[in-house]
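Here is my note on the model, in numbered points. Please read it with the structure open.

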Amino acid sequence: MNKILYPRKEEWMKILERPENRGEDLDKVCKAVFDEVKRDGDEALKKYTWYFDRVKLECFEVTENEFQRAERDVNAELKEAIRVAKGNIEEFHKIQIPEKCEYVNERGFRCWQEGRAIDRVGLYVPGGSAPLFSTVLMLAVPAKLAGCREVVICTPPGRDGRVNPAILWTARLCGVTRVFKVGGIQAIAALALGTKSVGRVDKIFGPGNRFVTAAKQWVGRYGVAIDMPAGPSELMVVADESARATFVAADLLSQAEHGPDSQVFLVTCDESLIDRVEEELNKQLNRIPRKAIAEVALRNSKYIVLRSREKCVELVNCYAPEHLMLCVKDYLDWVPEIRNAGSVFLGHYSPESAGDYASGTNHTLPTNGYARAYSGVNMDAFMKKITFQEIMPEGLAYLGKTIEIMADNEKLEAHGNAVRVRNVESKFRI
């Protein structure tokens, strides 16, 4: 990790640049895959599953026998851990379920809003070197709580043509019985367009690599929604003199090990902390199995020393990190000033990995600066809001003049007439 001391504000944007994603090349790949999936359906999925995953499949949907095998293969200790995490995720998301809200005007009309679940949702669960069964919990639990009528999962197959058993066991625990062995751009294309095997959905959820992120941003062309752009993982740690170097180093590595395009920052006003963290980072790096991956990610990562707490807050809001850790003694005082972040972890005993797995918050979060405008996945993401209004004759008489004046001035006289014809027949007069 590079050390940057007291940078000028005009240098920040350059310092905070994300790893290059070569978006233009990705758009070309996305167009080619989407066009072929639209034209050839499952045959295109077979082709690209071989091309990208080196697996030949004739059937993409996971069978009952595969679910039963997963039941046997997942050990009891992991099953219990998943159940505990599921319980916390359920409880936190239950309290987010929106209630009906209503406005009643005593002049004779009322308006209200009710939530409705999105009918068909597709959940993308990363596989490969890190099969994220935790993502099943983060997406399937709120989907089921919302009442989505159809929930399907797409996840890449392993080289043996199977899905990681923990992903399958967790899916069934969450009530999802349709899982497809297809990943990458072709999975997103299948969910957006529909094939004989994989039905078209209304909204696609889930994190992924830069290919998956690019594909998700492509689906708007086909009238399908996405949760948010959620690409390579990122973490910003803000620490003061009270921080423990052992903890900070462990947190930086916990995100760096996600992938070579992950990015982590340590921001502090205590320059001496950098050396302590660097020493601890090198010790811990040699002890993790994904050392080679983390090392590449650390090349995109930085230590930044600033002169004041205020500058640290300003830098955080400028970067808009997916994950933000406030390893400072007065962390609650910082909370009102944090405007741009996906999820925030407060104090010295709130590791980011708690949010990844078991505390209850959702780990599907906006990356690449999208936290300036997007929220992480929550119950609202699986629902849409419908407004209703009921107007009595006396209410329309009261509103009529206002509507007519506004409509006439917009040169939309038929709008005003829709009120006039009713009020002519109404016995109510204002």
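1. Start with the buried face of α16. Its buried residues are Gly395, Leu396, Ala397, Leu399, Gly400, Glu404 and Ala407. Note that Glu404 is on that list. The cover over these buried residues includes β3 (109-117), β14 (383-391) and α17 (413-425). Keep in mind throughout that this is a predicted model.

2. Next, the course of α16. The helix bends by about 45° at Leu399. Leu399 is also one of the buried residues of α16.

3. Now Ser343. This residue is found in strand β13, which covers residues 343-346. Is Ser343 buried or exposed? Its relative accessibility is 10%, and the cut-off for buried is under 20%, so Ser343 counts as buried.

4. The surroundings of Ser343 deserve a look. Setting aside neighbours within four places in sequence, Ser343 is in contact with Glu322, His323, Leu324, Thr361 and Leu365. Met325 lies 18 residues from Ser343 in sequence. In space, the C-alpha atoms of Ser343 and Met325 are 8.6 Å apart.

5. Turn to the pairing of α4 (residues 64-73) with α7 (residues 165-173). The axes of these two helices come within 8 Å and cross at roughly 105°. Angles of 65 to 115 degrees count as roughly perpendicular, so α4 is roughly perpendicular to α7. On the α4 side, the contact is made by Glu64, Glu66, Phe67, Ala70, Glu71 and Asp73. On the α7 side, Pro165, Leu168, Trp169 and Arg172 take part. How many residues of each class does the contact have? There are five nonpolar, five charged and no polar residues.

6. Last, the protein overall. The model has 17 helices and 14 strands. Its C-alpha atoms fill a box of roughly 85 × 60 × 45 Å along the principal axes. Of the 430 residues, 49% are buried. Consider also the contacts between residues at least 6 apart in sequence: 74% of them join residues at least 24 apart.

Key. Residues are numbered from 1 along each chain as its sequence is written. This is a predicted model: local features need pLDDT of at least 70, side-chain atom pairs count only at pLDDT 80 or more; totals for chains, interfaces and linings use all residues. Side-chain values use heavy atoms; hydrogens and water are left out. The bend at a residue is the angle between axes fitted to the seven residues ending there and the seven starting there. Helices (H or I, at least four residues) and strands (E, at least two) are DSSP runs, numbered from the N terminus. Buried means under 20% relative accessible area, exposed over 50%, partly exposed in between (1.4 Å probe, protein chains only). Contact means heavy atoms within 4.5 Å. Axes are lines fitted to C-alpha atoms, for helices over the stretch in contact, and angles run from 0 to 180 degrees between N-to-C directions. Angles under 35 degrees count as roughly parallel, over 145 as roughly antiparallel, 65 to 115 as roughly perpendicular and the rest as oblique. Ala, Val, Leu, Ile, Met, Phe, Trp, Tyr, Cys and Pro count as nonpolar, Asp, Glu, Lys and Arg as charged, and the others, Gly among them, as polar.
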